[in-house]
Amino acid sequence: MRPRAYKGLVAAITAASAMTLPVISATAASAEPDPKAFSQSVKAPAVKRHLERLQQIAAANGGIRASGTPGHEASVAYVAGKLREAGYRVTLQEFEFPFFREVTRSVLDRVSPGAKSYVRNTDFRTMTYSGSGNATAAVQGVDLVLPPSPTPSSTSGCEASDFAGFTRGNIALIQRGTCNFQVKAELAQAAGASGVIIFNEGQPGEGPNDRRILLSGTLNEPTTHIPVVGTTFAVGNELAAAGTTVTLTTNTESDPHRKTRNVIADSRWGDPDKVVMLGSHLDSVTEGPGINDNGSGSAGVLETALKANVLPTKNKLRFAFWGAEELGLLGSEHYVGALSAEEKAKIKLYLNFDMIASPNHVFGIYDGDDSDATGAPAGPAGSDKIEKLFETYFKVLGQPYTGTDFTGRSDYGPFIAVGIPAGGLFTGAEGVKSAAEAARFGGEAGVAYDKCYHQACDTIANINDKALAVNTGAIATAAFVYAYSADLPGGGAPASSRPGAGGGGLGDDHDHGGVPM
């Protein structure tokens with residue numbers, strides 16, 4: 001981070017916290033900590049070196065770091081080793097999960113009317129936990145709303161009655177909407193479909209609200225044995241034409257009993273009854289090395305942890321690096337699910353950092369108070385205070401920022417579901433940057449925030465250095481402020497549970513697709 005950014009970071013810490021904060025010394029806990037010393041110790045080049053190491057790990061392990069593969073195990077070893085060297089108490093929390101990967105590339109070709117090959121990861125994408133198969137058959141629409149209604153309304157494929165009259169052996173064409181993808185696929189399979197194509201619903205919108213872009217998602221578990229893919233609205237609308245025949249091929253592997261691990265690191269300082277928790281997912285998808293998604297968040301959190309190890313904090317810092325996020329937040333769900341009520345009550349807040357260096361980025365802050373009045377409701381009490389802290393940081397640095405919908409579809413989801421206040425940062429995924437966003441943040445309108453999202457090109461070359469530096473500063477700011485704060489957002493036992501809601505693109509974290517659509 002450049003000197004001006006350091007200066008802004010220190011100012012942000014001062015502005016965000018009215019307290020006098022205890023020069024940082026590993027030997028003298030009684031000395032007065034200096035926020036400037038801490039902010040200058042968390043340097044973007046060091047974060048970049050962690051990313052370079054994750055890239056090397058992927059290159060040595062088939063180009064990926066997905067949970068359940070040697071690349072992820074090597075990533076876990078690297079992160080855990082660094083944290084142990086820094087003096088943290090490190091726990092490797094093992095859990096079982098349903099592994100999935102594509103063995104060979106999927107194919108979607110129109111046979112008639114007129115031959116046409118669709119482009120994988122541009123026009124269509126295999127859904128996680130799709131079965132394998134090779135089908136050439138007629139396409140049959142299932143309760144489609146074409147042209148689409150002005151606002152989302154489709155219930156296509158959500159009830160068994162939608163498949164009345166469906167011809168066994170045909171390929172089911174289903175529209176996004178109302179129920180999750182698993183329901184649609186299982187009902188199609190039960191009706192005798194030889195394959196399933198689920199396309200986006202079709203409503204135009206800016207950035208995250210555009211329901212025409214490529215639809216990605218998961219079926220949540222390997223319960224189907226037929227091919228299931230998602231497509232753009234344009235592709236689905238084209239395939240809905242009468243007399244359409246396609247070839248749909250997928251070759252996938254599922255293992256319901258694969259094992260992976262979370263990395264949990266506790267500081268030796270601070271009140272164990274007042275835990276300030278920061279996290280990011282460490283796994284990539286099986287299609288690429290995952291250096292932005294989410295090596296970027298993991299590297300920022302890791303470097304903050306390594307420099308915070310000597311802080312004699314008032315509250316206990318805990319850092320988490322989740323496994324199997326890409327298959328549906330499975331690592332964070334396992335962690336939260338294993339906590340007792342007493343342990344949950346000790347966690348006063350959770351901060352999540354997922355994709356903090358997208359090449360065509362915006363600076364997104366989770367909308368904890370629902371001030372944007374878009375999508376999901378406000379988070380648990382205290383989430384609004386976290387949002388305000390990050391807003392203060394960006395204001396002091398003179399950087400623009402925007403809200404991103406608090407859907408629960410990254411690893412903060414399991415925390416807000418049990419009432420723990422949360423917040424964090426996100427720079428955009430497969431959603432398309434609007435002209436208004438390009439005017440505010442720079443970059444290119446009409447192009448995805450991350451063109452390499454969930455692809456082999458998500459390498460070290462896919463990192464935006466400015467976004468990485470600015471957001472790393474934000475992570476360090478939040479860690480420092482909350483490590484010493486006497487007034488934490490989560491003041492007591494968790495509030496009532498709050499489920500997440502649906503979405504896609506920038507405002508909806510990862511499009512895992514297992515929630516109502």
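## Overall make-up

The model is a predicted one.

The protein has 517 residues, and 61% of them are buried. Its accessible surface is about 17,900 Å². Carbon and sulfur atoms account for 52% of that surface.

## Two packed helices

Two packed helices are described by the angle between their axes and the distance between the axes. Take helix H4, residues 70-85, and helix H7, residues 291-308. Their axes are 9 Å apart and meet at an angle of about 15 degrees. Angles under 35 degrees count as roughly parallel, so H4 and H7 are roughly parallel to each other. Their crossing is left-handed.

Which residues make the contact? H4 brings Tyr78, Val79, Lys82 and Leu83. H7 brings Leu302, Ala305 and Leu306. Six of the contact residues are nonpolar, one is charged and none is polar.

## A closer look at Ser296

Helix H7 also holds Ser296. Is Ser296 buried or exposed? Its relative accessibility is 0%. Buried means under 20%, so Ser296 counts as buried.

What is Ser296 in contact with, leaving aside its neighbours within four places in sequence? The list runs through several parts of the chain. Leu51 and Ile291 are on it. Met355, Ile356 and Ala357 are in contact with Ser296 too. Ile463 and Leu468 complete the set.

Definitions and conventions. Residues are numbered from 1 along each chain as its sequence is written. This is a predicted model: local features need pLDDT of at least 70, side-chain atom pairs count only at pLDDT 80 or more; totals for chains, interfaces and linings use all residues. Side-chain values use heavy atoms; hydrogens and water are left out. Buried means under 20% relative accessible area, exposed over 50%, partly exposed in between (1.4 Å probe, protein chains only). Accessible areas come from the Shrake-Rupley method with a 1.4 Å probe; for residues, only the protein chains shown count as cover. Axes are lines fitted to C-alpha atoms, for helices over the stretch in contact, and angles run from 0 to 180 degrees between N-to-C directions. Helices (H or I, at least four residues) and strands (E, at least two) are DSSP runs, numbered from the N terminus. Angles under 35 degrees count as roughly parallel, over 145 as roughly antiparallel, 65 to 115 as roughly perpendicular and the rest as oblique. A crossing is left-handed if the near helix is turned anticlockwise from the far one by less than a right angle, and right-handed if clockwise. Contact means heavy atoms within 4.5 Å. Ala, Val, Leu, Ile, Met, Phe, Trp, Tyr, Cys and Pro count as nonpolar, Asp, Glu, Lys and Arg as charged, and the others, Gly among them, as polar.
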